[in-house]
Amino acid sequence: MKMSDRAAASSRLAKISDAEMAGLLRRAQRYDRTAFDRLYVLYADKIYRYVRYRVQDQQASEDLTAEVFLRLLEGIHAFRVTERDQVAIFSGYLYRIAHNLLYDYYHRQALRPVAPLDEQVSDLSDSHRTWIERGLSDAQLHAAIGELTEEQQQVLVMRFFEDMSSADVAKVLGKTEGAIKALQHRALAALERILGRTEPRENLA
Amino acid sequence: MTLDAVLDECLQAIRSGASVEACLARYPDYAEELEPLLHLAARLHVAEPLALSSSAHAAGRHKLGAAVEARAAATEAWAGPAELLRRRVQTWLRLPQVRPLPRLALAFEVVILVAIVGAAIFALAAGSLPDQPLYPIKRVAESIRVALTPDVPGKAQLHLTLADRRLAEAEILLRQQGRVDESLLADWNAELRAALAAIDQVPEQVAFRELLALFDARVGAQQALLETLLVQTGDVRHERLLAASRTAAAYRQLVVEAANDPTRVGAWLQGTPLPMLTPAVDLQSPTPTPTPTPSSTVTASATATPSPSASPARPPLQPVLAPTETAPPTAGVRPTARGVARAPTETPLAPGPPTETPRSRPTEVLEPTATREVRPTPRPGETERPKPTAAPPTPRPTEEPEPTPEPEPTERPEPTHEPEATKTRKPDDG
């Protein structure tokens, strides 16, 4: 899977200042279509990522992603626009919408989120070959990430796929930078253990 | 430096292009733990992130755009011209934009809030006293109420209510601060006069008499209150209370006269510019307390009369009452008029006190009220009094149409009061 132009654009656009974001949100609150479009381009893939690691079904993940933005449209008028940390605050807000939607989704499907890693750690590999020796596809990697806890997933995704600093991640997740550093440590260690198991599942594309 | 921090630093370095090996060399103490993590991090860096398929991305984008359009249209339609105007003005003035929905909701809330606060203020003001900040609001609210009352009888009753209020305020001030507020009494008097003026405008005789009876009852109650206060307070405040009490008596006397001749009210209103009696009279007045006329009798008279009056216009009243004229020369005549039957007994009493005669004009008017014999007020001094004629109860003939109104006389057979009321009071005051 090659990084598309769209993804590149989104990545570039992701570098938005707090002031820009504040202006964008004010326009969005007036139901300015172009403002919403910009927000969509900025966040659609991020939200999809967040959803996809937790939902097995791809179609459902896409639908849920679209739904997040419709929810944003419904609630935007109540969003309090500030100048400070606007990007991080809005990101957290959008992830919270996604989180709530996921909760509803699980509830509807009578499904449970993928069991947290800690419950599966005992299921260790009998193979002593590392993932490096075995080789590792992106799909296997994403599948392994999908087995992490939600916080671990978010930290890894933000740090490695969205090129965010620990400080920025801390703002979005509402934690201290120290907590984020510890979290990313645990996340990498957990991912390493998962990849050390026999055969990672490969159902994520 | 903790492992967490070292790891973070290495991750930052790798992201900037450094190799895993360089990092491990830099932190040899942590190398063993760091190595697998850093290799994994390097792998993650080159992984292609999950992303929406192009079609899904486009579909979601389109869906959102359509929803935004629909929402904008709905908001626009709902906002209406006022909202559009506001937006335009906002643009002109370059005011910061605010969400339309909450703004309108805010305006609504402000209106509600103002209404609630206003109601609360008026409610608070209603219980205020003249020396309190909200009192002017209370008075303004009252005058608005008067102005908004369309019918004459309603106005008359409202004025009576307001007269009650003024007197109640005066009483509270008196009890709380020990002072008699002259302006309140003047206002009280003005309300009574306004009530009377309103009553005078009522064309129908029945309604007129009913209102007159109501007026008499209210003034009677007010007079009783004044009497009570008079008994309970010291001499200094006496003057004004006494004057007020006399004023009440004068009003009630007028009601009696009006019962015979409805035109009296109008004439009185014209001829008596300042109904309040001058307090000057009081100086001598330690004695005077003619006012005590029992209200009951008066009301009775007023109510009683209506029966004969079938005619729409107000004709001169029944001559029936007239006989009283025969009674003794002094003012006593008037009072007798009300209770015909009682007349005989009363006459002797009224003239009794010598002090009354010297009084000035106003006081004379009151004299009729000399009927004080009836005075209900229970005084300790009463007993001393020799009762000249206990007659009052007995004479009461059955003919009287008004049995109800006069409970007092019947109850108390003791005409003891008649002797100088003043004297009785004196002990109290002292």
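The model is predicted: local features require pLDDT of at least 70 and side-chain atom pairs count only at pLDDT 80 or more, while totals for chains, interfaces and linings use all residues. Residues are numbered from 1 along each chain as its sequence is written, and chains are lettered from A and ligands numbered from 1 in the order in which they are written.

**Chain B as a whole**

Select chain B and colour it by secondary structure. Its secondary structure consists of 17 helices and zero strands; helices (H or I, at least four residues) and strands (E, at least two) are DSSP runs numbered from the N terminus. Of the 430 residues in chain B, 37% are buried. A residue is buried if 20 or more other C-beta atoms, placed from the backbone, lie within 10 Å of its own, exposed if 12 or fewer, and partly exposed in between.

**The contact between the chains**

Next, display chains A and B together. The contact takes 43 residues from chain A and 38 residues from chain B, two residues being in contact if their C-beta atoms, placed from the backbone, lie within 7 Å. On the side of chain A that touches chain B, several helices supply at least two residues each, including α1 (5-13), α3 (33-52) and α10 (177-195) of chain A. The largest share of that side, nine residues, belongs to α3(A). By class, the side of chain A that touches chain B holds 22 nonpolar, seven polar and 14 charged residues. Here Ala, Val, Leu, Ile, Met, Phe, Trp, Tyr, Cys and Pro count as nonpolar, Asp, Glu, Lys and Arg as charged, and the others, Gly among them, as polar.

**The nonpolar cores**

Select A:Ile47, A:Leu94, A:Ala187 and A:Leu191, which touch the most other members of the largest nonpolar core, a set of 69 residues. A nonpolar core is a set of buried Ala, Val, Leu, Ile, Met, Phe, Trp, Tyr and Cys residues joined through C-beta atoms within 7 Å. To this core α3(A) gives the most, with ten residues. Then centre on A:Leu191: leaving aside neighbours within four places in sequence, A:Leu191 is in contact with A:Ala144, A:Ile145, A:Leu148 and B:Leu40. Apart from this core lies another, of 41 residues, among them B:Val180, B:Leu226, B:Ala259 and B:Trp268.

**Helix α2 of chain A**

Move to α2(A), whose buried residues are A:Met21, A:Leu24, A:Leu25, A:Ala28 and A:Gln29. Viewed down the axis of α2(A), these residues fall within an arc of 140 degrees, so they line one face of the helix; the arc is that of the directions from the helix axis to the C-beta atoms. The buried residues of α2(A) pack against α3 and α5 of chain A. Just after α2(A), A:Tyr31 takes a positive phi of about 60 degrees.

**Two loop residues of chain A**

Select A:Asp85, in the loop between α4 and α5 (86-109) of chain A. A:Asp85 is not a glycine, yet has a positive phi of about 55 degrees. Then select A:Asp163, in the loop between α8 and α9 (166-173) of chain A; its phi is also positive, near 55 degrees. A:Asp163 counts as partly exposed because 13 other C-beta atoms lie within 10 Å.

**B:Leu173**

Finish in helix α7 (residues 152-177) of chain B, at B:Leu173. B:Leu173 is partly exposed, because it has 17 C-beta neighbours inside 10 Å. Leaving aside neighbours within four places in sequence, B:Leu173 is in contact with B:Leu129, B:Pro130, B:Arg179 and B:Asp181.
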